[in-house]
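I open these notes to record what I looked up in the structure below. The entries follow the order in which I consulted the model.

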Amino acid sequence: MPRRTFRIFVELEGMYRNLVEQLVLYAVNNNITKFTRLKAERYREVRSLYPQLPSHYAYTACQDAAERAHSFLRMKKMGRARKPYPEVRGVSIWLDDNLWRAEGLTSINIATHRGRVRVPVELNKHFLRYVNRGWRLASEAKVKLDHRERRLIFYLTFKKEVSEYRPKAYVTVDVNEDAEAVLIDGVVYLFETDLSRVTLGYYYRRKRVQERYDRVYGPGSRPERKIFKRLSNNEGALKKEIRWKLAALIAREAAKRQAAIVLERLGKEPANHMIERIKDPQLRHRVFQAAFKGVQAAIEEKAREYGVPVIYVNPKDTSKRCPIHGAEIIYGRDRHGTCSKGGETWHRDVVACYNLLLRALGGDGGHAPSRLRAFVAVDGGPVPLGPTAAHEPAGVPRALWARWKSLGATSERKLMRVSA
Ligand SMILES: [Zn+2]
């Protein structure tokens with residue numbers, strides 16, 4: 001942005017920050033967390049402070065301040081606020097529909113104390129993706145000044161009118177350390193992610209680097225830190241790519257079938273038997289983040305983008321009982337087990353996926369199709385889990401699924417080759 005134009009926004013930011021600071025102070029002193037009350041009590045005062053500023057900034061500053069006061073007072077109540085007053089550090093200027101409008105896809109018009117200013121915009125990929133999927137811009141926006149690059153960063157909100165999404169089917173996802181088992185159309189696909197192996201691999205590499213560099217340069221040296229940084233960047237980027245690609249694949253398949261995605265509800269303290277063997281608490285945390293929380297977050301985000309609902313079910317003992325007989329499954333060393341009643345063999349991840357499905361069906365009566373209908377939709381036969389059915393997941397290595405756009409005909413052919 002030209003220096004002269006940017007100057008206007010620097011002034012605007014200063015005034016806005018001042019408004020918010022004063023309002024937050026007042027709100028916290030008077031225990032106000034509601035925008036309406038703050039506005040009722042302070043609007044006139046705030047308005048007179050900067051008469052040259054468009055009046056709607058007084059509104060948005062009240063909204064901004066009320067939200068800051070609200071979260072500060074809540075933290076204080078929980079004893080987690082360190083200071084007596086909230087600090088207004090980062091400021092993004094809140095805009096309502098009076099203060100900004102988009103002029104086509106090329107510029108944005110913003111009301112300032114020096115009149116309306118037109119700013120050319122550069123759209124990112126994310127923006128276009130949402131627009132293409134039928135999302136529309138909401139009237140509220142935030143703008144942040146990037147002083148170093150002398151540009152504005154816009155934060156936009158998208159909205160979409162959705163008709164009630166009645167799931168016709170369910171896609172259930174069971175997340176493991178190194179794979180995600182996904183039940184689609186009666187087939188359990190085991191998409192390998194190797195996330196815990198990636199985490200462990202980098203962990204040990206860091207350890208080796210540390211030992212070697214500590215010996216040569218002493219602990220915490222510059223070259224060591226530099227390598228650490230590079231390693232953690234690489235690790236992060238690789239995991240992110242794995243998570244997003246698979247999440248997109250799952251969300252796309254669910255949307256295609258008008259299905260809901262079923263996930264395990266993860267508690268704060270995951271009593272997960274799969275990471276119990278990892279003793280180092282820091283490493284446990286990392287593996288957990290990589291394999292469970294991060295994966296779920298990616299699926300949630302992608303599901304939102306595609307308008308697919310996500311259902312959470314109780315994860316307790318999902319792989320312990322036979323989905324047909326309800327009897328306990330006795331597991332051997334590998335991930336295979338035998339039903340103690342029917343004697344049939346099960347793969348652990350197949351059991352988990354089907355039990356997640358059963359819980360989703362039993363859960364909310366309102367949206368769930370009847371058990372039978374869902375089963376028919378799921379695999380085309382009345383007894384999908386008959387003892388003769390294959391209870392083996394179709395394993396898909398990462399190198400393969402990472403290139404898929406969808407579970408199309410070609411991918412299934414490839415899959416046959418892989419499992420053969
Ligand atoms: Zn059984």
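Entry 1. I began with Arg257, which has a relative accessible area of 23% and is therefore partly exposed. I note that the model is a predicted one. The limit I applied is that buried means under 20%, exposed over 50%, and partly exposed in between.

Entry 2. I then asked which residue forms a salt bridge with Arg257. The partner is Asp185, and the closest N and O atoms are 2.8 Å apart. Asp185 sits in the loop between β8 and β9, while Arg257 sits in the loop between α6 (222-256) and β10 (259-264), so this pair ties together parts that are 72 residues apart in sequence. Asp185 is also partly exposed, with a relative accessible area of 40%.

Entry 3. I looked next at Arg206 and Glu235, whose side chains meet in a salt bridge at 3.1 Å, N to O. This pair links distant parts of the chain, with Arg206 in helix α5 (residues 195-217) and Glu235 in helix α6, 29 residues apart. Are the two residues buried or exposed? Arg206 is buried at a relative accessible area of 14%, and Glu235 counts as buried at 3%.

Entry 4. I turned to a pair within one helix. Arg37 forms a salt bridge with Glu41, and their closest N and O atoms are 2.9 Å apart. The two residues are 4 apart in helix α2 (residues 35-49), which means that about one helical turn separates them. Arg37 is partly exposed at 39%, and Glu41 is partly exposed at 35% relative accessibility. The count of salt bridges comes to 24.

Entry 5. I traced the strands on either side of the loop that holds Asp185. Strand β8 (residues 179-184) pairs with strand β9 (residues 187-192) in the antiparallel sense, over 6 bridges. Within this pairing I found that Leu183 has Val188 in β9 as its bridge partner.

Entry 6. I followed the open sheet of 6 strands, which has the order β11-β10-β7-β8-β9-β15 and mixed pairing. Its edges are β11 (310-313) and β15 (394-396); each has a single partner strand, so one side of each is left without a neighbour in the sheet. The twist averages 25 degrees from one strand to the next.

Entry 7. I examined another open sheet, made of 3 strands in the order β12-β13-β14 with antiparallel pairing. Strand β13 (residues 336-339) is joined to β14 by 3 bridges, and Gly337 has Trp346 of β14 as its bridge partner.

Entry 8. I searched the surface and found a nonpolar patch of about 250 Å², made by Leu105, Leu123 and Leu128. Leu128 belongs to helix α4 (residues 125-132) and is partly exposed, at 39% relative accessibility.

Entry 9. How many helices and strands does the chain have? I recorded 11 helices and 15 strands. Of the 420 residues, 43% are buried. Among contacts between residues at least 6 apart in sequence, 64% join residues at least 24 apart. The accessible surface comes to about 23,800 Å², and 50% of it belongs to carbon and sulfur atoms.

Notes:
Residues are numbered from 1 along each chain as its sequence is written. This is a predicted model: local features need pLDDT of at least 70, side-chain atom pairs count only at pLDDT 80 or more; totals for chains, interfaces and linings use all residues. Side-chain values use heavy atoms; hydrogens and water are left out. Buried means under 20% relative accessible area, exposed over 50%, partly exposed in between (1.4 Å probe, protein chains only). Contact means heavy atoms within 4.5 Å. Accessible areas come from the Shrake-Rupley method with a 1.4 Å probe; for residues, only the protein chains shown count as cover. Patches are made of residues with over 30% relative accessible area and no salt bridge: like charges are joined within 9 Å, nonpolar side chains (Val, Leu, Ile, Met, Phe, Trp, Tyr) within 5 Å. A salt bridge is a side-chain nitrogen of Lys or Arg within 4 Å of a carboxyl oxygen of Asp or Glu. Two strands pair if DSSP finds at least two bridges between them. Axes are lines fitted to C-alpha atoms, for helices over the stretch in contact, and angles run from 0 to 180 degrees between N-to-C directions.
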